[in-house]
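Let's take a walk through the strands of this model together. Please keep the sequence and the 3D view open as you read.

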Amino acid sequence: MRRITRTITTFALTAAMAAAALTAVVTPPPAQASGACSNSGTGIPLPFDFGSLGFPRGGAAQGPQKPLPHFDNGRTKTISWVTGPLSRNKTFTRFGISGTDVGVAWDNGRGQTLMAFGDTFGNCLRQDRGWRNNTLLRSTDTNLANGLTLQHRGYAGPMFGAFGFSGIEKTKIPTAGISIGGKQYVNYMSVRAWGPPSRWFTNYSATAVSSNNGRSWFTPQSTIRVNAGVDVALPAGWPSVNHVNPLFQQSAYLKGVGDDAGWVYQYGTPNGRFGAAHIARFRPGDILDPGKYQYWTGSRWAGGAARPAAIVRGPVTELSVAWSPYLNKYVMLDSPNGVKLRTANHPQGPWSAGRRIAPSSLELYAPMMLPSSPALRGTGPELYFNASRWDDYNVALIRTKVR
């Protein structure tokens with residue numbers, strides 16, 4: 001058993017270190033975006049489905065993009081597409097994006113919203129036309145009532161590359177973003193392979209840093225958290241291999257306020273959509289040194305030798321967390337069987353039971369709150385978030401009222 005464990009650990013570590021070398025941006029020529037996708041009904045050939053538990057149904061995404069389903073129950077409302085040929089942003093002809101998902105959003109520290117997207121298609125009917133593992137778009141729009149306007153210019157190149165081979169490294173997906181000290185940080189997962197419905201397998205998670213507002217990215221090897229589930233002592237600056245890493249393969253970032261100020265909080269879930277949520281905290285200057293992170297044990301904060309306690313029981317999906325001065329509470333969104341909202345007085349909770357704010361019939365996933373929302377600025381109850389739809393494989397803008 002020990003030999004098997006060492007073999008698995010060595011493989012994962014080798015893959016992690018080799019894949020880290022691919023984090024430099026390589027921008028390909030612009031896709032031949034000559035117009036919107038045809039209406040042939042051909043599916044986007046994505047390699048997994050979302051399956052059970054009320055997640056968006058499986059198979060290839062249906063594409064091409066269709067009109068956004070209308071929904072308005074007085075509290076939550078679909079506003080408009082953010083991406084895709086049918087969006088107000090015309091992302092196919094302007095940026096070479098016909099299909100993408102996730103849309104992690106954060107303020108760059110200067111009032112601009114940065115949004116990191118996952119697997120991205122150029123021509124949605126041909127996987128080899130303008131394919132990117134991830135991409136970044138920008139916006140200065142603060143009036144979201146009629147939609148989100150993107151100010152990005154020209155072809156949207158990849159943030160960082162991946163091997164592209166299933167079983168080694170299929171892709172890299174951003175899961176969280178934050179600005180600290182004028183630099184941008186994105187936590188991402190290295191996906192080894194897509195698995196059964198709503199499951200995928202990761203080599204590691206890591207933190208990429210940009211000093212030029214997201215135009216190029218670099219991943220320090222010290223931030224790589226190998227998904228091996230065992231403790232292995234390695235030299236300083238090397239990737240970490242420990243029992244905590246599997247709990248933080250997907251993330252959300254939060255800056256504490258009030259009694260929680262002076263700390264950055266990282267929420268973590270295992271790869272896939274069935275695990276529980278855990279939480280770590282660190283000083284802003286220590287973001288690139290996971291060895292200095294502290295973990296909530298259920299009663300106190302402790303170092304890396306601790307056994308973190310679940311703060312929200314599974315299934316927890318892709319999530320986002322923010323402070324709402326309007327509610328005077330922390331707010332969390334995720335999307336098991338519809339989009340759910342939770343609140344808490346402190347980052348570690350206790351968190352309220354999830355209140356469903358969007359039905360499962362909308363088939364939304366990855367709800368990512370937008371920092372320019374009135375509820376996050378203290379000017380009103382409106383909370384806007386990006387959410388992806390599988391059938392259209394694009395990101396939509398949704399509005400809800402937190403009270």
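Two strands pair if DSSP finds at least two bridges between them. The strands themselves are DSSP runs (E, at least two residues), numbered from the N terminus. Bear in mind that this is a predicted model, in which local features need pLDDT of at least 70, side-chain atom pairs count only at pLDDT 80 or more, and totals for chains, interfaces and linings use all residues. Residues are numbered from 1 along each chain as its sequence is written, and side-chain values use heavy atoms, with hydrogens and water left out.

Let's begin with an open sheet of three strands, arranged in the order 2-3-4 with antiparallel pairing. Its edges are strand 2 (102-107) and strand 4 (135-139), each of which pairs on one side only. Strand 2 is joined by five bridges to strand 3 (residues 113-117), and the two run antiparallel. To find your place there, look for aspartate 107, which stands opposite threonine 113 in strand 3.

Now move on to strand 10 (residues 264-269). Six of its six residues are buried (under 20% relative accessible area, with a 1.4 Å probe and protein chains only), so strand 10 is largely enclosed by the rest of the structure. In a regular strand the side chains alternate between the two faces of the sheet. Here, Val264, Gln266 and Gly268 point one way, while Tyr265, Tyr267 and Thr269 point the other way, and all are buried.

What are the partners of strand 10? Strand 9 (residues 250-255) pairs with strand 10 in the antiparallel sense over six bridges, with leucine 254 having tyrosine 265 as its bridge partner. Strand 11 (residues 278-282) also runs antiparallel to strand 10, joined by five bridges, and there glutamine 266 stands opposite alanine 280.

Notes. Helices (H or I, at least four residues) and strands (E, at least two) are DSSP runs, numbered from the N terminus. Buried means under 20% relative accessible area, exposed over 50%, partly exposed in between (1.4 Å probe, protein chains only).
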